[in-house]
Amino acid sequence: MKQYLSVVVKPTLFCGTDCKHCYHTPDERVPGEISMQTLEKLIRMVSEEYEAAWFIWHGGEPLTLPLSFYKKALELEEKHFGKGSFRYGNTIQTNGLGLNRRLMAYCRQKQINVGVSYEGPFNGVLREGDASKAISSLSDKDNKYSVSATICAETALRQREIYRYFRDRRTDVSLSPVIPAGCARCGGLVPDPDEYVRGSLEAFDDWLHDSEAEIPLIPHYLYMLNYLGDPVPSDCAHTSCLTKWICVNPDGSVYPCAKACPKEFLMGNVNDVGSISELFRSEGFARILEGSVKRREKCSSCAIYDYCGGGCSMDFYHECGLEDNSGDSCRIYKGIFSHVVEETQRILDEKPDMSGYNRFVRDAVVGKLVNPKTVIQ
């Protein structure tokens, strides 16, 4: 059996809000949901071919479907992977408007991660609806979620404020830029790369020297761990994800990525194949793989190629073309990663008083100071 697969399931593309940067255009966000027959076949095929899998319930807005849907879905996972087998896990990625105590209690019981797409005080810049009302209605015991904050042109230089908002609420947060896909192809939402880097580094420097911080700042913390040689992925956009992820739409169609993947990369349909391997032998997957390899060949001489893995294929597809490595996402990664590396190496070299750094930095670095090793050549 293969080791591991991440499966993004979009059980519905419907959403009751109209986010300005959504990967799906309004004509795609129509009512309808994946059938239990299609879902069971997907789960069965994954369980037969992979030792472990992580299911990310996405959309559309997944919480427009009732809790009963997810109870049935988890029953299918238990049936095919084995109840209590630890071979599978789940994340629900939501806009937060449908959060309630009953749902959160079930997620705690079943150890389902809840990710909320939310920008705190700047949520209204991109999104309709106010998730803070649903979030604030939860008790401290229910407050088991992390936040993914999407940064646009208007908020590129406000990332430190966003970090501090979630720091004060002890809520894990990750920051990522709008990409020019779906609804964000027009409207001036995509941040200027230089402004994004500046705003991101202001947030990182604030977090780095925040000795009271109780949350990691993502992806910066992952970049630090990656540079230090710890066996963790950098982030979704800077790992070699092809063959390790699939995205399944409500009709059973399968793509290699959830980011507005065009039909030219369609891998097939769950209902028409007998195995996951068959999907990876499709012409659509061959196209994205071949184009990605050509781009990565251009990247291979870069000093930080081993850390970025050539970047996200879908980001480059929408920015400048699949085979081209000149997109804004490359400039952003280089700017942020290089600064994180510089600060991390300075700590290793100068061995300063670590009490002025947050506990995540201390945990990551102290072992390297006590038992130094070559981190980078």
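A salt bridge, as I use the term today, is a side-chain nitrogen of Lys or Arg within 4 Å of a carboxyl oxygen of Asp or Glu. Please keep in mind that this is a predicted model.

By that definition, Arg-44 and Glu-48 make a salt bridge, with 3.3 Å between their closest N and O atoms. Both residues belong to helix α1, and they sit four residues apart, which is about one turn of the helix. Arg-44 is partly exposed, at 28% relative accessibility.

The structure has 18 salt bridges, and I will go through some others.

Take Asp-18 and Arg-29. Their side chains form a salt bridge with an N to O distance of 2.5 Å. Asp-18 and Arg-29 are both in the loop between β1, residues 2–9, and α1, residues 36–49, so this pair ties together parts that are eleven residues apart in sequence. Are the two partners buried or exposed? Asp-18 is partly exposed, with a relative accessible area of 36%. Arg-29 has 9% relative accessibility, so Arg-29 counts as buried, the cut-off for buried being under 20%.

Next, Glu-161 and Arg-158. In this salt bridge the closest N and O atoms are 2.4 Å apart. Glu-161 counts as partly exposed at 38% relative accessibility, and Arg-158 counts as partly exposed at 33%.

Definitions and conventions
Residues are numbered from 1 along each chain as its sequence is written. This is a predicted model: local features need pLDDT of at least 70, side-chain atom pairs count only at pLDDT 80 or more; totals for chains, interfaces and linings use all residues. Side-chain values use heavy atoms; hydrogens and water are left out. Helices (H or I, at least four residues) and strands (E, at least two) are DSSP runs, numbered from the N terminus. Buried means under 20% relative accessible area, exposed over 50%, partly exposed in between (1.4 Å probe, protein chains only).
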